[in-house]
Amino acid sequence: METDTNRIEKKILLRAPRARVWRALTDAGEFGAWFGVHIVTGSFAAGRLVRGTTKPTTVDDEIAAKHKPYEGLPWEATIDRMEPERLFSFRWHPFAVDPNVDYSCEPTTLVVFELAEVDGGTMLTVSESGFEGIPLERRAKAFTANDQGWGLVTGLIEKYVRKAG
């Protein structure tokens, strides 16, 4: 079986209305709460560079403990597209967790959240692509870390929209 090492994709059925999921994704404060980042540059808008710092998620103590070693690290993304209640995407430097490395000269990957209304709630598809541009010496580690990370993230947003209602 051939493995795609350029693109990650995760799907989850969220038992919440599409409008609720959209708000959790695109409201900077809500996004930060479940994703684990303190956004300091304001709201999300297409074309905007968003900055913040990594912090533990507020929705899962076990995953929050995994975030703890990265607390306070800079977090940065450029919002790519915002198509209300359908698609939200941003570009970032994947697995940029070493405070001694300047990732700004590296290409970014594209993270896309797609929402579809389905029986019982909202189907959320999360994908990240563009790993072929990441320097070879850290490409496999970034891909593996983010593949595992997006699996955790889908569980975080599920818990968040369920709790937040």
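This is a predicted model: local features need pLDDT of at least 70, side-chain atom pairs count only at pLDDT 80 or more; totals for chains, interfaces and linings use all residues.
Residues are numbered from 1 along each chain as its sequence is written, and side-chain values use heavy atoms, without hydrogens and water. Local features need pLDDT of at least 70, side-chain atom pairs count only at pLDDT 80 or more, and totals for chains, interfaces and linings use all residues.

**Aromatic pairs**

The whole structure holds 20 aromatic pairs. Rings of Phe, Tyr and Trp (its six-membered ring) pair if their centres lie within 6.5 Å; planes under 30 degrees apart are stacked, over 60 edge-to-face, and the rest tilted. Phe44 and Phe88 make a stacked pair, 5.6 Å centre to centre with 10° between the planes. Phe44 sits in the loop between β2 (37-39) and β3 (49-54), and Phe88 in strand β5 (residues 87-92), so their pairing ties together parts 44 residues apart in sequence. Helices (H or I, at least four residues) and strands (E, at least two) are DSSP runs, numbered from the N terminus.

Buried means under 20% relative accessible area, exposed over 50%, partly exposed in between (1.4 Å probe, protein chains only).

| Residue | Relative accessible area | State |
|---|---|---|
| Phe44 | 8% | buried |
| Phe88 | 0% | buried |

Ring pairs also build a cluster, whose members include Phe31, Trp34, Phe35, Phe44 and Phe88.

**Helix α2**

Seven of the eight residues of α2 (residues 28-35) are buried, so the helix is largely enclosed by the rest of the structure. Among them are Phe31, Trp34 and Phe35. At the helix start, a side-chain oxygen of Asp27 comes within 3.0 Å of the backbone nitrogen of Gly29. Gly36 follows α2, with a positive phi near 100°.

How values were computed. A polar contact is a pair of N or O atoms within 3.5 Å; within protein, one must be able to donate a hydrogen and the other to accept it, and residues adjacent in sequence count only if both atoms are side-chain atoms.
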